[in-house]
Amino acid sequence: MELPPLKLGPLTVDTPVILAPMAGITNSAFRRLCREYGGGLYVAEMVTSRALVERTPESLRIISHDDDEKVRSVQLYGVDPVTVGQAVRMLVEEDRADHIDLNFGCPVPKVTRRGGGSALPWKIDLFTSIVRTAVKEASKGNVPLTIKMRKGIDEDHLTYLDAGRIARDSGVAAVALHGRTAAQFYSGQADWSAIARLREALPDIPVLGNGDIWSAEDAIRMVRETGVDGVVVGRGCQGRPWLFGDLMAAFEGSEERHKPDLRMVAESVYRHAELMVETFGDEGKALREIRKHMAWYFKGYVVGSELRTKLAMVTSLEVLRGTLDQLDLNSPYPGVDAEGPRGRAGSPKKPALPKDWLLDRHMDAEQSREISHAELDVSGG
């Protein structure tokens with residue numbers, strides 16, 4: 001199938017694929033690696049509005065982009081309309097972003113217990129205020145603003161249809177839906193039927209689908225089943241940056257796919273590590289960061305336990321190179337064993353929420369007083 005380019009306000013994304021922001025993963029190094037394989041829109045790690053307004057060094061690192069990133073995309077998290085508005089204004093006035101996304105999908109307890117992430121759309125007045133304020137500030141620089149959300153808190157407290165309509169009426173450029181609730185975390189199967197219902201409910205703006213896209217074929221199937229204008233890919237690209245090449249080929253009508261042998265995987269790992277060193281300017285820190293990616297890269301490949309252990313403990317580029325050279329680099333692509341789910345799915349759990357959060361869809365006086373103090377000063381999940 002062929003899918004047309006994605007229009008986000010003044011922006012045109014030729015390949016309608018979005019890299020979902022993932023804390024500790026979608027830094028500039030990983031975004032560059034993915035861009036080297038295929039087209040799309042590559043979103044930086046989620047940054048908290050408060051940290052950005054306070055200009056913490058880590059928040060400024062998170063929103064940094066390579067000079068050749070065609071679209072500088074930033075995702076904000078926040079629970080206070082004033083702070084979110086200030087953060088958007090900063091990004092626009094200082095020309096730090098070409099696209100801004102608001103996070104209403106994070107299920108991590110430290111976020112939801114403050115009323116943020118996937119817990120926030122339950123409070124209609126708070127959600128509306130944040131989105132309207134952010135759109136107003138972004139529009140001053142003609143910067144498209146989108147939102148990413150989940151179905152709701154749990155199956156008894158769904159919010160996605162109301163939130164989608166509010167966002168549309170507030171002037172967002174697109175809405176992305178992860179077909180799970182906060183209670184599901186990343187477990188079970190994503191509910192693509194909910195994505196289809198949102199697509200039907202919002203015929204006048206782009207709707208993007210997220211959840212359980214592990215291959216180009218999954219993306220094609222999602223588009224056919226739901227009618228979405230594009231897909232958002234998160235855990236499916238962990239250890240598989242070439243997935244974006246597959247997605248680009250698929251949406252251009254090509255059946256060409258990457259089937260990397262162990263040599264190609266090793267080359268990608270080393271390239272990733274080199275880019276991490278450039279990103280952090282500290283070889284030790286960069287190699288500690290790359291360790292988490294090893295199990296994803298080598299999933300399904302014949303790599304002995306001793307070598308896997310060594311790869312998970314690399315301390316320098318030299319050590320990494322020497323360890324990779326010990327692999328049987330002529331090992332072919334293992335097929336289905338290298339595909340499918342990766343990353344931690346977690347298990348269903350009762351979401352952590354502020355006191356009495358579910359009693360009413362609107363904020364009470366106490367919740368309104370507390371919300372401005374609930375902004376996290378560190379990056380979320």
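Glu58 is partly exposed, at a relative accessible area of 44%, where buried means under 20% relative accessible area, exposed means over 50%, and partly exposed covers what lies in between (1.4 Å probe, protein chains only). The model is a predicted one, in which local features need pLDDT of at least 70 and side-chain atom pairs count only at pLDDT 80 or more, while totals for chains, interfaces and linings use all residues. Residues are numbered from 1 along each chain as its sequence is written, and side-chain values use heavy atoms, with hydrogens and water left out.

The side chain of Glu58 meets that of Arg61 in a salt bridge of 2.9 Å, N to O, the term standing for a side-chain nitrogen of Lys or Arg within 4 Å of a carboxyl oxygen of Asp or Glu. Both residues lie in helix H3 (residues 57-62), 3 residues apart, about one turn of the helix; helices (H or I, at least four residues) and strands (E, at least two) are DSSP runs, numbered from the N terminus. An α-helix has 3.6 residues a turn, so residues three or four places apart point the same way.

Arg168 forms a salt bridge with Asp204, with 3.2 Å between the closest N and O atoms. Because Arg168 lies in helix H7 and Asp204 in the loop between H8 and strand S11 (207-210), the pair ties together parts that are 36 residues apart in sequence. Helix H7 (residues 160-170) and helix H8 (residues 192-201) themselves pack at an angle of about 35°, their axes 10 Å apart; axes are lines fitted to C-alpha atoms, for helices over the stretch in contact, and angles run from 0 to 180 degrees between N-to-C directions. In this packing, Tyr160, Leu161, Gly164, Arg165 and Arg168 of H7 meet Ala194, Arg197, Leu198 and Ala201 of H8, contact meaning heavy atoms within 4.5 Å.

Turning to the strands, 8 of them close into a barrel in the order S3-S4-S5-S6-S7-S10-S11-S12, with parallel pairing, two strands being paired if DSSP finds at least two bridges between them. The twist averages 25° from one strand to the next. Strand S3 (residues 17-19) is joined by 2 bridges to strand S4 (residues 41-48), and helix H1 (residues 28-35) packs on the sheet, touching S3 and S4, with its direction at about 165° to that of S4.

Since 6 of its 8 residues are buried, H1 is largely enclosed by the rest of the structure, and its cover includes S3, S4, H10, helix H11 (262-280) and H13. Helix H10 (residues 243-251) is also largely enclosed, because 8 of its 9 residues are buried; among what covers them are S3, H1, S4, helix H9 (216-226) and strand S12 (230-233). Just after H10, Gly253 takes a positive phi of about 85°.

Finally, His293 lies in the loop between helix H12 (283-290) and helix H13 (294-297) and counts as buried at 1% relative accessibility. Apart from neighbours within four places in sequence, His293 is in contact with Gly24, Ile25, His272 and Met276.
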